[in-house]
Amino acid sequence: MALLQISEPDQISEPHHRNIAIGIDLGTTNSLVATVKSGIATVLKDYNQNELTPSVVHYASNKITVGHEALQFRTTDPKNTMISAKRFMGLDVDLTSKNPVKVSSDILSHLKQIAIDSLGETPIGAVITVPAYFDDNQRQATKQAAEIAGLNVLRLLNEPTAAAIAYGLENTESGTFLVYDLGGGTFDVSILSLNKGVFEVLAVNGDTHLGGDDFDKLIYDFIINKIGVSPISDIEEATLMIASRNIKEALSMEESSKVNCKLNNTLYSLEITQNDFWDLSKSLLNKTLMLVKKALRDAKLTINDINQIILVGGSTRMTNLRRLLHDCFHKPPLTSLNPDTVVALGAAIQADNLAGNRNDELLLLDVTPLSLGLETMGGLAQKIIPRNSTIPVTRAQDFTTYKDGQTAMTIHILQGERELVDDCRSLAKFSLKGIPPMTAGVAKIRVTFQIDADGLLSVSAVEQNTGVMSSIEVKPSFGLTPEQITSMLNESIKYAKDDINTRLFNEAKIDAISLVEAIEQALQTDHELLTNNEEQQILLLIRQIKTQIEGINPKPLLEDNAQSPRTILKQLSIRLNEVTSGFASKRMNKAIKAGLSGKKIEEI
Ligand code: AMP
């Protein structure tokens, strides 16, 4: 039977003798760097006193420009201006000049320089935040970018966990927190639990196409509707979009806001109230609440279990949003920290901690967004680490050989929720060679999946009798976008019934094939033990089983009823077992007789 084992979380690394460390929020649109100065987490400013660095890099033949200065090139030289590299992290192994890892490393170098200029010395290391849904490849890519930038990565930290740390929630005894992160273009919700200083991300959910921009668009459409005139040029459209965003932001502070816009050479003036905005935005806000509820369901929690709601992202300044969350959770969300900097501040606190400047030990656990497992006989996926498992985690399971004398085995590592290998994502393959030849099913191969504190996966396989071993670290060959993760999850739900039926059929098929192979071998050596009639009956059943297996389309919609291919196959296998039971007894007798021949009764 499978052996499963879960590791203890890693201990914090040894304190470093120098103690300036930084926290970096490497964002899709903007990035920040922060540190702890005199015990207080502070965002570091660049020479123009900016806290935010746009995550934009411009490449000229002799110069790389990052941040605010690179922004201007978005219109003048878009081909050489890289934006939103984070969305593509881990999707690309091509190490040409402007791949996402290189772009991110240039942003990180820039942030490191801001820190050096501001602090007057080089930090000993950095904590870099990543979305909780980032997979192995995306985390590897982020680490690689930091290494290229010459940063010593103390650890990668999930963004929601960083936000909770910024609020000092790790100092509470225990609790369950919901992190609601609504930025300009994306929405993420995470549920964290804290127990004795240990954070655990219980569930994550979100929408990569829902953010502040959508609320701007609601106001934009409202204005056009009200005045009955549409913009006639790109410039008018862009101007009205900016005016809409300004109104939205003003409504976070005022009861109403006035817009003056010039459309088609006519000046229009319009007043929009918080109530108008509330009516407009209700359905979008409810959409985020649906995702919140999904995350709660995944974490097996209810609204009443949440002790605090933490807000992250500029859009969480919207009054209507705060009101909705307050009503929904029957308590006000935490709002005392700036939602734009809260993640970087938490990362700085964690970096300070890892640099040995704090005595309190803070362990952080995260979750795997999708299940990890391996391919078994019949093209089936066997899950080893289920999705939403907290990391670091180690799980082991024993497997065995399929054929007599089998001396090698391919370990095919998979990611996803589906039952069939073809429907999962292939992460890597490696071989275990040198298994001593044994009868099928006797070898015991322990396969261990380990995900470290940074979410990086390594898999090893050891043959237990000889200690022969092979292992692999999953390298960033290609990654998944959050959309792909969502769609993989949705498909697993949509096809759950078909998948289970297909799995059951494949299991029945493997059983039937081994039965047929064993009987065919027996017939070769001992068919003289059967009458012609008996042999014909067995051969007929074998033919029927083979036809049944071959006749099935590889991905059938298999209903489980009396007429289903699985039921028919099982019945045929049972029948074959029945009609060969006499044959088996005769073979047994023959073997015993052969063993006894020539022996005296007292020798037995
Ligand atoms: P982020 O991606 O976290 O920087 O968030 C940017 C989004 O926050 C944009 O859609 C902004 O319009 C929005 N935002 C910034 N300040 C406010 C505010 N005071 N009220 C409402 N939304 C805001």
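From which domains does the lining of the largest pocket draw at least three residues each? The model is predicted, so to speak of local features a pLDDT of at least 70 is needed, side-chain atom pairs count only at pLDDT 80 or more, and totals for chains, interfaces and linings use all residues. Residues are numbered from 1 along each chain as its sequence is written, and side-chain values use heavy atoms, with hydrogens and water left out.

Select domain 1 (21-212 + 280-366) and then domain 2 (213-279), since each gives the lining at least three residues; these bounds come from an automatic or database domain assignment. A pocket here is an open set of points on a 1 Å grid over the protein atoms alone, where a 1.4 Å probe fits, with protein on both sides within 12 Å along at least five of seven lines, and lining residues have an atom within 4 Å of a point.

Next, select Thr29, Asn30, Gly183, Gly184 and Gly185, which among the 45 lining residues lie nearest the centre of the largest pocket.

Now turn to the ligand, which 13 residues surround, the closest being Gly184, Lys248, Glu249, Ser252 and Gly314, where near means a heavy atom within 4 Å. For polar contacts (N or O atoms within 3.5 Å), show glycine 184, whose backbone N or O atom lies 2.9 Å from a ligand oxygen atom, and then serine 252, where a polar side-chain atom lies 2.6 Å from a ligand nitrogen atom. Finish at glycine 314, where a polar backbone atom is 2.9 Å from an oxygen atom of the ligand.

Terms used: A polar contact is a pair of N or O atoms within 3.5 Å; within protein, one must be able to donate a hydrogen and the other to accept it, and residues adjacent in sequence count only if both atoms are side-chain atoms.
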